[in-house]
Amino acid sequence: MLRPIKTIKRFILLGVVITGITGGALFQPWKLFIDSTADEQFKGVNSVQEIVNNEQAPEAGGLKILKMGDFIANDHETTGKAFVVQENGTNTIRLESFQTDNGPDLKLVVTAGEVGDSDEYTVIDKLKGNVGNQNYELPANISPESVRSVVIWCKRFNIDFGSAVINPV
């Protein structure tokens, strides 16, 4: 009589272990407590925002600031600024003073339409960090004029962490 109870307990324990491993791999709960920080300069300039704050021309230092906007929270608290900057014909998405929650499979996405209503989007790259200044080269087939917003998207759960509507400077 005791043998079937031990067998049932073993199956229950095995089920709990498998569920824990699968859930951990899928949801990655440790990312809620660990920030991934990126701290990149942009072409020798510490801050594109400083150029704007000092009221320098949008083309200061050989850089042309084309667009900018502030991040807002969508499904997770997200803050900072997004810029589209051009230098020598190369267009770059620049995030400054950026911060959002960490999560599994975060992507930097640009959209040609309204945030949340657009089927016209392009995944630029995996997010380098959920905190800090970072740069992403805009592919040559995407014109800066067509980019209306920058979105932090969690591919695994298909949610927008935060977004920035960017407007011409």
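Me: How many aromatic pairs does the structure hold?

Reply: The structure holds two. Rings of Phe, Tyr and Trp (its six-membered ring) pair if their centres lie within 6.5 Å; planes under 30 degrees apart count as stacked, over 60 as edge-to-face and the rest as tilted. One caution: this is a predicted model, where local features need pLDDT of at least 70 and side-chain atom pairs count only at pLDDT 80 or more, while totals for chains, interfaces and linings use all residues. Residues are numbered from 1 along each chain as its sequence is written, and side-chain values use heavy atoms, with hydrogens and water left out.

Me: Why is the pair of Tyr121 and Trp153 called tilted?

Reply: The ring centres are 6.2 Å apart and the planes stand at 55 degrees, so the pair is tilted.

Me: What parts does the pair of Tyr121 and Trp153 tie together?

Reply: Tyr121 lies in strand S6 (residues 121–126) and Trp153 in strand S8, so the pair ties together parts 32 residues apart in sequence. Strands are DSSP runs (E, at least two residues), numbered from the N terminus.

Me: Is Trp153 buried or exposed?

Reply: Buried means under 20% relative accessible area, exposed over 50%, partly exposed in between (1.4 Å probe, protein chains only). Trp153 has 13%, so it is buried. Tyr121 has 47%, so it is partly exposed.

Me: Why is S8 described as largely enclosed by the rest of the structure?

Reply: Six of the six residues of S8 are buried, so the strand is largely enclosed. Both faces are covered: Ser149, Val151 and Trp153 are buried on one side, and Val150, Ile152 and Cys154 on the other.

Me: How many bridges join S5 to S8?

Reply: Six, and the strands run antiparallel. Two strands pair if DSSP finds at least two bridges between them. Val110 has Val150 as its bridge partner in S8. S8 and S9 also pair in the antiparallel sense, over six bridges. There, Ile152 stands opposite Gly162 in S9.

Me: Which residues touch the most other members of the largest nonpolar core?

Reply: Phe71, Ile93, Leu95, Leu108, Val110 and Val150, out of 22 residues. A nonpolar core is a set of buried Ala, Val, Leu, Ile, Met, Phe, Trp, Tyr and Cys residues joined through side-chain atoms within 4.5 Å. A second, separate core of eight residues includes Phe42, Val45, Ile51 and Val85.

Me: Where does Lys128 lie?

Reply: Lys128 lies over the face of Tyr136, at 4.7 Å from the ring centre. A charge sits over a ring if NZ of Lys or CZ of Arg is within 6 Å of the ring centre and within 35 degrees of the ring normal.

Note on methods: Helices (H or I, at least four residues) and strands (E, at least two) are DSSP runs, numbered from the N terminus.
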